[in-house]
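Let's take a friendly tour of a protein and the molecule it holds. Have a look at the picture, and then we will go through it part by part.

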Amino acid sequence: MTLRGKLITLEGIEGVGKSTQCEFVAQTLRALGKRVVTTREPGGTTLGEAIRGLLLDPKLPAMAALSELLLMFAARAEHLAQVIEPALSAGEWVVSDRFTDASYAYQGGGRGLALSTIAALEGIVAQGLQPDLTLLLDAPVRVALRRARARAQADRFELERAQFFARVRQAYLDLAQAHPGRFRVIDAVPAVAQVQAAVLQVLRQRFP
Ligand SMILES: Nc1ncnc2c1ncn2[C@@H]1O[C@H](COP(=O)(O)OP(=O)(O)O)[C@@H](O)[C@H]1O
Ligand SMILES: [Mg+2]
């Protein structure tokens, strides 16, 4: 019997360094001999990436919050079925740039949808699957957005106001407090190498 792999997720607002640290986590685990799949949400599958295109399209600003949530969960259902579950069953470790916590933070905290609505969808779609570890990269909104905005064109979320991201950040911090066993909050303000050192310390502690 193959030992089931583990699911590690990275969360945080735009520009905190999720993609950067996602690669670092994967490299670190590979160096330890693990088989690792890196992936992202929304996306990670052909259908999911098409849904991502709709979700991030800055020319579609008027989407209802519930439509946004349902599209996120449609992409997530596909991601779980096609990528996450098969990999974990095969003993691979999955490192995902965002997962269900992002729905609570963005569509709950950011857009104001009821947490019970999100929890109901989580129950249907994730069926109890929780990450083994969630790294919340945390930085003040202005620091993160400065980094994000140095990138190419802003997507539909990046066009939101600082107040939106302040709510998203707070929702993430609330999630971390509510699930202290699963979450580790990492200060994302220092230089990349320092954040990597903090990430490494958490990985060593959680997976000795
Ligand atoms: N700790 C850091 N200090 C300074 N710049 C960073 C740091 N981490 C990432 N960056 C840079 O900030 C930008 C956003 O990082 P990225 O990993 O794409 O963030 P995210 O995926 O969370 O949006 C990139 O240009 C990246 O090189
Ligand atoms: Mg990214």
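## Who surrounds the ligand

Helix H1 gives the largest share of the shell around ligand 1, namely three residues. H1 covers residues 18-31, and together with helix H8 (192-206) it is one of the helices that each supply at least two residues of this shell. Keep in mind as you explore that this is a predicted model.

Which residues come nearest to ligand 1? Of the 15 residues around the ligand, they are Gly 15, Lys 18, Ser 19, Thr 20 and Pro 190. Sorted by class, the shell contains seven nonpolar, four polar and four charged residues.

## Polar contacts and the pocket

Now zoom in on single atoms. The side chain of Lys 18 has an N or O atom 2.8 Å from an oxygen atom of ligand 1. At Gly 17, a polar backbone atom is 3.0 Å from an oxygen atom of the ligand. Val 192 also takes part with its backbone: one of its polar atoms there is 3.3 Å from a nitrogen atom of ligand 1.

How much of ligand 1 does the protein bury? Taken alone, the ligand exposes 560 Å², and the protein buries 73% of that. If you look for the place where ligand 1 sits, you will find it in the largest pocket.

## A pair of aromatic rings

Next, some ring-shaped side chains. A pair of aromatic rings is described by the distance of the centres and the angle of the planes. Searching the whole structure turns up five aromatic pairs. One of them joins Trp 93 and Phe 207, with 4.9 Å from centre to centre and 75° between the planes, an edge-to-face arrangement.

Trp 93 belongs to strand S3 (residues 93-97) while Phe 207 is in the segment after H8, so this pair ties together parts that are 114 residues apart in sequence.

## Two backbone details in loops

Finally, follow the backbone itself. Glu 41 and Pro 42 are joined by a cis peptide bond, with omega about -10°. You can find Pro 42 in the loop between strand S2 (36-40) and helix H2 (46-56).

Another loop, between S3 and helix H4 (100-110), holds Arg 98. Arg 98 is a residue other than glycine with a positive phi, near 80°.

Methods:
Residues numbered from 1 in each chain as written. Chains lettered and ligands numbered in written order. Predicted model: local features only at pLDDT ≥ 70, side-chain atom pairs only at ≥ 80, totals over all residues. Heavy atoms only, no water. Near = heavy atom within 4 Å. Polar contact = N/O pair within 3.5 Å; in protein donor to acceptor, adjacent residues only side chain to side chain. Areas by Shrake-Rupley, 256 points an atom, 1.4 Å probe, with all protein chains shown as cover. 1 Å grid on protein atoms, 1.4 Å probe; cavity = no way out; pocket = protein on both sides within 12 Å on 5 of 7 lines; lining within 4 Å. Sits in = over half its atoms within 2 Å of the grid points. Helix = DSSP H or I, 4+ residues; strand = E, 2+ residues; numbered from the N terminus. Nonpolar A, V, L, I, M, F, W, Y, C, P; charged D, E, K, R; others polar. Phe/Tyr/Trp six-rings, centres within 6.5 Å; stacked < 30°, edge-to-face > 60°.
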